[in-house]
Amino acid sequence: MTQHHDDGEGISRRHALECMIWAGTGVLWTVSGGVPVSLNLLGAAEAAEAQASGFTFLQISDSHIGFDKAANPHAIDTLKEAIGKVKALPAKPAFMIHTGDITHLSKAAQFDNADQIIGGTGLDVHYVPGEHDVIDEGNGRAYIERYGKNAKGAGWYSFDQNGVHFVGLVNVVNLRAGGLGNLGAEQLAWLADDLRAVSASTPIVVFAHIPLWTVYADWGWGTEDSTQALALLKRFGSVTVLNGHIHQIMQKVEGNITFHTARSTAFPQPAPGTAPAPGPMTVPAGQLRSLLGITDVAVRNGGQELAIIDSRLSDA
Amino acid sequence: MTRTSISRLLACALVAGGSTLLLPETGHAADAPRVRIENFSFEPQTLTVKAGTTVVFENDDDIPHLVVADDKSFRSKALDTGDTYAFTFSKPGDFAYFCGLHPHMRGKIAVSP
């Protein structure tokens, strides 16, 4: 927050990013060709304008249905509140993505509850699994049977919407001792093949549960073979990477790639290195909802500019 | 280690006293050496036991964990808060393991003959 490095690529790019991180709510930033060019507080009018000239999609993450510990004994209620916010958005999203940890323990009843609540939006939802979604007896079979019908491998896939190419990746299976998140050779080969036919001017949105850059290796907050995936994305003018897992907003811009992690709808986790471990963080009850939230992403006409807007369940 | 020592002492005391009640050295989960999982770490990180010992892993975190041997020789189910997993180490050797959900968490069971 105190160090501002103007690297000459724009007006206080890092300053803008840092403010965005710390302001936390109602903040909009735009990306043109992978470089943030402006920063504005978002109002309903701007959201409506974004809707008129393009489309928006909504990201929710880490709903952890089934979690009932001290950090939030009612994770099901805060998901309901988050979905209430989605329904109340001034600009109706085209669809939703869920970046994993739908459930806490991969139980059928937990998936059922999540589906019922999230289904209340009436929106299409594109899922990727978190590590909590693949701990059934079949090591992920329950997730695949429910969400993976049109997916490859452990649940990866791509689709196109209004000229934007979306890629959902899985980095929570076949984890290696001592390692971080893992994509694996089969998925990387698929990704190379999937991107081959996509033109360099097509905006790309990649989403996966664990961050695809190393946020904090000591807590496993990164993906060990993500550099291979990112290398495949270098030739594109605009790449946006959306992740969950760490239950807080983090963002970074590296060349053409913008990274962003979403808040959880269930419970907060500590900032890297500020606690002995990355587990659920218990805060005074009145503060919980200011640390949970959803993320709205606006794609402007022509598709090159994406705006990411995080909002909290409450500003208290 | 402490629990093992105590149970051995108890067993010896009972034998010395002429009791027919012999506490098994291992087998009962309550007496078995334990690895506690807390704050995303295995405690103790290295546990030394004799071959044939049953080790109990207990999750005391608010997040599930999953105990997996590096060589895949054992693998627990997901352990929710308070859940335990017991495995009997019948062969001597060093058995490194990690958390299948948080693979930066590592531990070792050193099994002596």
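1. I begin with D62(A), which, once its neighbours within four places in sequence are set aside, is in contact with H98(A), G100(A), D101(A), H209(A), G244(A), H245(A), H247(A), S264(A), T265(A) and A266(A). These contacts, like everything that follows, are read from a predicted model. D62(A) belongs to the loop between β3 (55-60) and α3 (75-87) of chain A, and it counts as buried because its relative accessibility is 0%, where buried means under 20%. One of its contacts, H245(A), is 183 residues away in sequence, and yet the two C-alpha atoms are 6.5 Å apart in space. The side chain of D62(A) is also joined to the side chain of S61(A) by a polar contact of 2.6 Å.

2. With a relative accessible area of 29%, E224(A) is described as partly exposed.

3. Turning to the interface, 25 residues of chain A are in contact with 19 residues of chain B. The size of an interface is often given as the accessible area lost when the parts come together. For chain B and chain A that buried area is about 1700 Å², and carbon and sulfur atoms give 67% of it. Between the two chains the count is three residue pairs in polar contact, with both residues of each pair at pLDDT 80 or more. On the side of chain B that touches chain A, the residues divide into eight nonpolar, five polar and six charged.

4. The charged pairs across this interface can be named individually, for the rule finds two salt bridges between chain B and chain A. In one of them, the side chains of D80(B) and K69(A) meet at 3.9 Å, N to O, a distance that may be read against the limit of 4 Å used for a salt bridge. In another, K77(B) pairs with E137(A), and the closest N and O atoms are 3.5 Å apart. K77(B) lies in the loop between β5 (67-69) and β6 (84-89) of chain B, and E137(A) lies in the loop between β5 (125-127) and α5 (141-147) of chain A, so this pair joins two chains. Both K77(B) and E137(A) are exposed.

5. Within chain B, a further salt bridge is formed by the side chains of R36(B) and E38(B), at 3.5 Å from N to O. R36(B) counts as partly exposed at 35% relative accessibility, and E38(B), with a relative accessible area of 36%, is likewise partly exposed. Elsewhere, salt bridges that share partners join D68(A), K69(A) and D80(B) into one network. Over all chains, the structure holds 14 salt bridges.

6. As for the build of chain B, its secondary structure comes to one helix and eight strands, and from the N terminus on these elements run α-β-β-β-β-β-β-β-β. Chain B has 113 residues, of which buried residues make up 42%. Of the contacts in chain B between residues at least 6 apart in sequence, 51% join residues that are at least 24 apart.

7. The last point concerns aromatic residues. A search of the whole structure finds 24 aromatic pairs over all chains. In chain B, ring pairs link F42(B), F57(B), F74(B), Y85(B), F87(B), F89(B), F95(B) and Y97(B) into a cluster.

Terms used:
Residues numbered from 1 in each chain as written. Chains lettered and ligands numbered in written order. Predicted model: local features only at pLDDT ≥ 70, side-chain atom pairs only at ≥ 80, totals over all residues. Heavy atoms only, no water. Contact = heavy atoms within 4.5 Å. Buried area = accessible area lost by both parts, 1.4 Å probe. Polar contact = N/O pair within 3.5 Å; in protein donor to acceptor, adjacent residues only side chain to side chain. Nonpolar A, V, L, I, M, F, W, Y, C, P; charged D, E, K, R; others polar. Phe/Tyr/Trp six-rings, centres within 6.5 Å; stacked < 30°, edge-to-face > 60°. Helix = DSSP H or I, 4+ residues; strand = E, 2+ residues; numbered from the N terminus. Buried < 20%, exposed > 50% of the residue type's maximum accessible area, 1.4 Å probe, protein only.
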